[in-house]
Each structure stands twice: as C-alpha cells, then as structure tokens.
Amino acid sequence: MHFFSRFFATLLAVFLLPVLMVSAQQPTITPGDNLVVEGLPPIPVSLVDTVERYTQFRSASIASWHPTKRQMLISTRFGDTRQVHLVEFPLAARKQLTFFSERVSGATFQPSKGNYFVFSKDIGGNEFNQNFRYDFATGDIKLLTDGKSKNSRGVWSNSGDRMIYSSTRRTGKDRDLYIIQPQKPESDKLLAEVDGGGWFGLNWSPDDSQFLMLEYVSINESYLWLFDTRTGDKSLITAKKEGKEKVAYNGGIFAKDGKGLYVITDRDSEFSRLAYLNLTTFEHTYLTSDIPWDVEDFDLSEDGKNLAFVTNEDGTGVLHILDTTTRKEKPLPKLPVGQIYGVRWHRNNQDLGFTLVSARSTADVYSLNIINNKVERWTESETGGLNTENFPEAELVRWKSFDDKIISGFLYRPPAKFKGKRPVIINIHGGPEGQFRPTFLGRLNYYLNELGVAVLFPNVRGSAGYGKTFLKLDNDYKREDSVKDIGALLDWIGTQPNLDKNRILVTGGSYGGYMSLAVATKYSNKIRAAIDIVGISNFVTFLENTESYRRDLRRVEYGDERDPKMREFLLNISPVNNADKITVPLFVIHGKNDPRVPLKEAEQIVATVRKNDVPVWYLMAKDEGHGFSKKKNVDFQFYSTVMFVKRFLLK
C-alpha cells in the first residue's frame with residue numbers, strides 16, 4: 001500500500017507498474033498484467049498524488065553481525081522488494097548485495113571468517129524457500145537446496161563449517177533434517193527423518209555433537225529434542241504430559257559449558273518465562289518469575305556470560321540483560337517505547353544488535369554496548385518527508401464482552417482538527433494466536449491524518465500476550481466467541497462520544513480476514529463495509545487445501561475436519577455458508593500463490609456474496625502469496641482500499 005507522485009507515475013510503465021490511462025475526464029491508472037481486478041472503479045492519478053508520501057516509508061531489520069568486523073547485514077527495501085544490504089558502521093550507507101525481483105527473507109554470515117553468507121528466497125510468495133550462498137570475493141550466488149521443496153534457512157555449527165536445516169523434500173509434509181557444508185553443496189545429505197511439519201532447528205551444542213530441535217504441535221504445546229549430528233539419533237528432553245496440561249517451549253540455547261539449556265517456557269506458569277534446564281536432572285530453574293509477562297525473544301553472548309531477552313509488557317517490548325553467573329539484571333539505558341525484535345550478540349561479547357519500532361519511528365536497527373551502555377543507531381529509514389512526531393500514539397482501551405470477559409485493544413485517534421464523531425476502521429490481527437501491539441502504522445496514518453478516521457486494533461480472546469488461559473478461549477467449538485468480542489466492541493463504540501457507531505468498517509488479514517467475514521455475516525446491520533485480506537471463508541476447504549506441512553498444525557487450533565461432528569460445526573460457522581447475511585459492500589484481496597490460505601477461499605466468498613446484490617470488489621495478485629510484498633502490488637492495494645474507504649465508509 002504505497003503511492004507515487006505524478007512525476008513517478010509517468011515512469012510506471014517502465015517498471016511494469018500500473019499504466020497510466022487518459023480518459024476524457026481525468027488520467028487514471030490501471031493494474032499491470034499481474035493483477036486481476038474486478039468490480040473496482042478506475043483509480044484517478046489525483047488520488048495517487050494525494051497519498052504518495054504515505055507510501056514512501058521504508059524500514060530496516062537486523063539480519064546478522066559480521067563475526068570479526070563491527071559490520072552487519074540488514075534487510076531493507078530500496079526498489080520493489082526487501083533485499084540484503086551491508087552496513088559497515090552506524091549510519092553508514094546501506095550497500096545492497098542481492099538484487100532479485102522476489103524478496104529475500106534474511107541472511108546469516110558464515111560465523112568464523114564471514115567471507116560469505118547464506119540467505120533464503122521463495123518465488124511469488126509461495127513460501128517454498130530455497131537457500132543460497134553469496135560469496136563476497138566474487139559476488140557469485142550458488143543454490144544450496146533442491147529448488148523445489150520448502151526449506152528453513154538453517155542453523156550454523158559453532159565451528160562455522162556446517163548448517164542444519166529442515167526440508168519437506170522427502171514427503172512434502174514432513175520437515176526432515178538435512179546437514180550441509182555450504183562451501184561444498186554436494187555434501188548436502190539427510191540427517192534424520194521426522195514426522196510432521198512442526199520441526200524447527202534451534203542451536204548446536206558447544207562441541208557441535210548435538211543439535212537442539214523444537215517440535216511444535218500448537219502454540220500451547222511443544223517439545224525439545226536433541227539430535228546426534230553424526231547419526232541423526234534423537235532423544236526427547238522435555239516430557240510429554242499425557243492427560244495433564246500441555247506445556248509450550250519457545251526457543252532454546254545451550255549454555256556455554258553444554259550442561260544445560262536456556263529456554264523460554266510456560267511450564268508451571270500462566271506466562272512464558274526464561275528458565276535454565278539442567279540436561280542431567282532435567283530440572284527447570286526459572287529466571288524471570290518476577291516479571292508477570294511473556295518472554296518472547298532472547299540470545300546468549302558468545303562467552304556465555306550475558307543473556308539478552310525481551311518481554312512483552314502489555315504490548316510494549318522491554319529489553320533486559322541478565323548476568324548468567326549472578327542471575328541478576330544489568331542496568332540499561334532507557335530506550336524509546338515500542339517493539340524490540342531480533343536481539344543478536346556480536347561475537348565481541350559487547351555489542352547487542354536489535355530492531356526497534358515505535359508509533360513515531362519506522363523499524364530501524366540499533367546496537368547497545370554493554371560496557372559503556374552506549375546506544376547507536378545503524379539505519380535511519382525514510383518516512384516520505386513527513387514529520388512523524390505528529391503521528392498519534394496508541395491508546396489502550398478495554399470493553400466487556402458477552403460473557404463479562406474484559407477484552408482490550410489499541411485505538412489511534414485522528415488529530416483534533418477533525419471535529420465531531422469520527423468514523424472507525426476496526427483492524428483485526430491474524431494468527432489467530434497473534435497480538436496487535438503499538439507500532440509504526442506507516443501508510444495507515446493516511447486514514448488518521450488526512451481522512452479523520454479512527455483506527456482500532458482489538459486483541460480478541462485467543463490473542464497472545466495475555467496468558468495461556470486467554471489464548472485457549474477460542475479453540476474448537478468456542479471459535480465464534482472471538483467474533484462475539486467484536487460484536488461487543490461495536491456496542492462499545494456506540495457509547496463513545498467521539499466515535500461514530502454508524503460509520504464502522506471491519507478489516508483484517510489471514511485469520512483477521514475470516515473475522516472480518518464473520519462479523520459481516522453476524523453484524524451487517526452495525527457496520528458499513530468489510531475488507532477480507534487472504535482470509536478463510538470455509539474452514540473445511542481451508543483445512544483440506546492448506547499446504548500439507550502445516551495442515552495438522554492448524555487442525556489443533558481450528559478442529560479436525562475429518563471428525564464428522566467437528567466438520568458439521570466448521571461448516572456451520574464458515575462465512576461462505578452464511579454469506580447471504582452479508583448485506584454490506586465487501587472487498588476481497590488475495591495472492592494466487594498463497595500456501596496457507598489457498599486462493600479458493602477468496603474465489604468462493606466473492607462468487608457467493610455477489611448473489612446478494614451488494615458491491616463486491618476483488619483484487620488478486622498472480623505473483624504474491626499470503627499477503628502482498630512487492631511494492632507495486634502493495635501500492636495498488638492501498639490505492640484501491642482508499643477508494644473503498646472513501647466510497648463506503650465516509651459517505
């Protein structure tokens with residue numbers, strides 16, 4: 001969702017962007033051949049000119065520190081897609097290293113010399129990622145995987161000569177373990193076969209003899225395994241509790257002496273804590289019991305003396321550093337209030353890199369030196385020339401749902417220049433085990449600053465960040481309880497003096513797309529319009545057609561459609577089977593190559609709702625998957641959405 005000025009618009013055809021068409025009235029743009037557009041009116045160039053500055057935001061995230069130099073690889077976008085760049089010192093020029101039409105999803109330096117890095121890339125958003133080696137000496141790029149299956153980027157050995165990664169190449173369903181020497185692609189071989197699509201590599205033991213893997217069953221249930229890196233033999237190190245409450249683990253790192261692991265787990269707790277797991281006794285020693293929030297990210301310094309971790313405290317990311325000897329926290333400088341991602345220690349044991357984003361600052365890369373507590377900014381991403389200090393901060397709001405549960409969300413209000421009751425966009429996150437957290441809204445600020453629309457992001461039951469009990473409140477036959485949370489929110493909006501209950505639009509992506517459709521089937525009399533982005537319209541067809549490596553994982557959350565009773569329930573609550581109740585305009589957006597929510601989910605809801613004699617807009621990108629990532633497509637989606645909002649919410 002980005003926009004170009006009139007000057008840039010004249011160059012669109014050169015870059016295969018939407019082509020200018022001149023009508024008798026005013027110039028308009030039409031999509032390129034990669035987009036299928038149905039029901040949308042022509043988009044005037046004047047709209048592109050108006051919103052262009054809000055489409056020029058960039059962001060950057062840390063990918064990998066150089067092992068010997070104080071340099072790093074980052075991910076950012078200069079052209080149409082995110083690529084790998086090298087930054088040689090704080091605020092140095094970003095040197096682009098990869099140049100693909102498809103986005104590159106991350107990179108890691110070879111960990112001893114750093115003379116090459118390994119990165120990952122798919123085609124058209126299909127998520128069948130392949131690994132490649134980039135050599136600094138020549139700039140050559142070498143494919144390391146089979147070119148067909150889904151592959152993780154892999155985890156480096158401590159010696160830096162090997163990587164272990166998971167791949168679906170054997171069955172298309174199971175994420176087996178493979179081991180490779182990236183400098184010798186022919187060394188690639190199967191290490192171990194596993195059952196299921198929920199296996200993720202974590203860490204090598206200090207002597208490289210063992211490899212730690214996470215077996216993910218659901219957000220409430222996962223296990224840790226050790227694999228022998230020579231034979232592939234595996235052993236379970238966290239017990240499976242049959243008939244008892246399930247336990248979740250979220251990551252693990254070997255202690256420097258190899259005798260234990262640092263893990264994140266909700267074992268014996270409502271929230272996920274940092275713990276030390278003794279590999280001899282399997283005893284857990286909890287390190288963050290004094291923090292009543294989830295620990296969500298962590299990294300151990302090369303010398304094993306400091307453990308950096310991030311907590312999610314009521315939606316805000318808070319950085320901590322723990323001395324592993326004293327198990328006490330170090331004092332840290334105050335950081336901007338926002339979200340902190342991707343904590344990475346440099347091998348010098350002093351510099352901690354991370355990505356930080358806030359309501360008034362797009363995501364950028366920073367480092368903290370723990371010797372002098374100096375914080376340095378490594379990237380300064382563009383914000384379209386807009387003064388982001390004028391962007392609104394999020395306001396935490398709460399309302400009571402149908403069963404007296406308190407549900408919360410974050411409300412962004414338009415500036416005071418807009419008088420009277422303001423229309424509202426309700427934007428529902430995906431997952432469903434996701435969580436909206438205050439962040440930089442990017443182009444969504446256009447709705448606030450230029451159209452005077454309030455934007456509200458609810459965290460309905462089933463959202464992460466509020467404890468594992470809350471997380472399970474929408475499972476199986478309780479699926480529609482989360483939809484009722486939005487019904488209660490619609491009523492709450494009606495009690496607010498500055499919000500207009502008669503002008504509400506509901507939108508969301510993925511599971512949020514399902515929620516938007518479900519709200520439209522149940523509460524069409526309380527909303528003006530709905531936008532479904534890569535959403536589920538029929539739970540049964542979704543489960544039957546989502547990629548096989550993730551199908552069983554989704555059955556745990558939504559229910560198993562092969563069970564007759566559950567199948568009947570899923571069919572009864574699916575929006576496509578209740579679509580006759582959708583009496584408001586609908587906009588459906590999808591990517592042709594979506595491996596998670598197949599395109600059929602969009603096609604069937606569009607065909608069904610069109611019978612209701614209401615406006616139905618449809619936008620499909622042939623070169624995208626689960627959401628749009630290419631700037632030209634994101635821009636056109638935003639132009640279209642602005643048109644939809646103006647036509648059906650503001651009038």
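**Loops, helices and sheets**

Biologist: What is the relative accessible area of Asn373?
Modeller: 28%, so Asn373 counts as partly exposed. The cut-offs are under 20% for buried, over 50% for exposed, and partly exposed in between, with a 1.4 Å probe and protein chains only.

Biologist: What kind of model is this, and which atoms and residues count?
Modeller: It is a predicted model: local features need pLDDT of at least 70, side-chain atom pairs need pLDDT 80 or more, and totals for chains, interfaces and linings use all residues. Residues are numbered from 1 along each chain as its sequence is written, and side-chain values use heavy atoms, leaving out hydrogens and water.

Biologist: Back to Asn373. Where is it found?
Modeller: Asn373 is in the loop between β30 (361-369) and β31 (374-377). Helices (H or I, at least four residues) and strands (E, at least two) are DSSP runs, numbered from the N terminus. Asn373 has a positive phi of about 60 degrees, although it is not a glycine.

Biologist: Where does a cis peptide bond turn up?
Modeller: It joins Gly431 and Pro432, with omega about 5 degrees. Pro432 lies in the loop between β34 (422-428) and α3 (445-449).

Biologist: Is Arg479 buried or exposed?
Modeller: Buried, because its relative accessibility is 1%.

Biologist: What else does Arg479 touch?
Modeller: Its partners include Asp474, Tyr511, Tyr514, Phe539, Glu557 and Tyr558, not counting residues up to four places away in sequence. Contact means heavy atoms within 4.5 Å. Arg479 and Leu570 are 91 residues apart in sequence, and 9.1 Å apart in space, C-alpha to C-alpha.

Biologist: Glu557 and Tyr558 belong to which helix?
Modeller: Helix α8, residues 548-558. Its buried residues also include Tyr549, Leu553 and Arg554. They pack against β18 (210-218), α6, α7 and α9 (564-573). After α8 comes Gly559, with a positive phi near 110 degrees.

Biologist: Next, α5 and α6. At what angle do they cross?
Modeller: Roughly 60 degrees, with the axes coming within 10 Å. Axes are lines fitted to C-alpha atoms, for helices over the stretch in contact, and angles run from 0 to 180 degrees between N-to-C directions. The two helices are therefore oblique to each other. Under 35 degrees is roughly parallel, over 145 roughly antiparallel, 65 to 115 roughly perpendicular, and the rest oblique.

Biologist: Which residues of α5 meet α6?
Modeller: Ser482, Val483, Ile486 and Leu490. On the α6 side they meet residues including Tyr514, Met515 and Ala518.

Biologist: Which residues have the most contacts inside the largest nonpolar core?
Modeller: Ile426, Tyr514 and Ile605, in a core of 58 residues. A nonpolar core is a set of buried Ala, Val, Leu, Ile, Met, Phe, Trp, Tyr and Cys residues joined through side-chain atoms within 4.5 Å.

Biologist: What does Ile605 touch?
Modeller: Among others, Leu517, Pro575, Leu586 and Val588. Ile605 is one of the buried residues of helix α10 (residues 600-609). Those residues pack against α6 (511-522), β37 (529-533), α7 (539-545), β38 (586-591) and β39 (616-621).

Biologist: Sheets now. In what order do β17, β18, β19 and β20 run?
Modeller: β17-β18-β19-β20, as an open sheet with antiparallel pairing. β17 and β20 (234-236) stand at the edges with a single partner strand each, so one side of each lacks a neighbour in the sheet. The twist averages 30 degrees from one strand to the next.

Biologist: Over how many bridges do β17 and β18 pair?
Modeller: 5. Two strands pair if DSSP finds at least two bridges between them. In β18, Met213 stands opposite Gly201, and Leu214 stands opposite Phe200.
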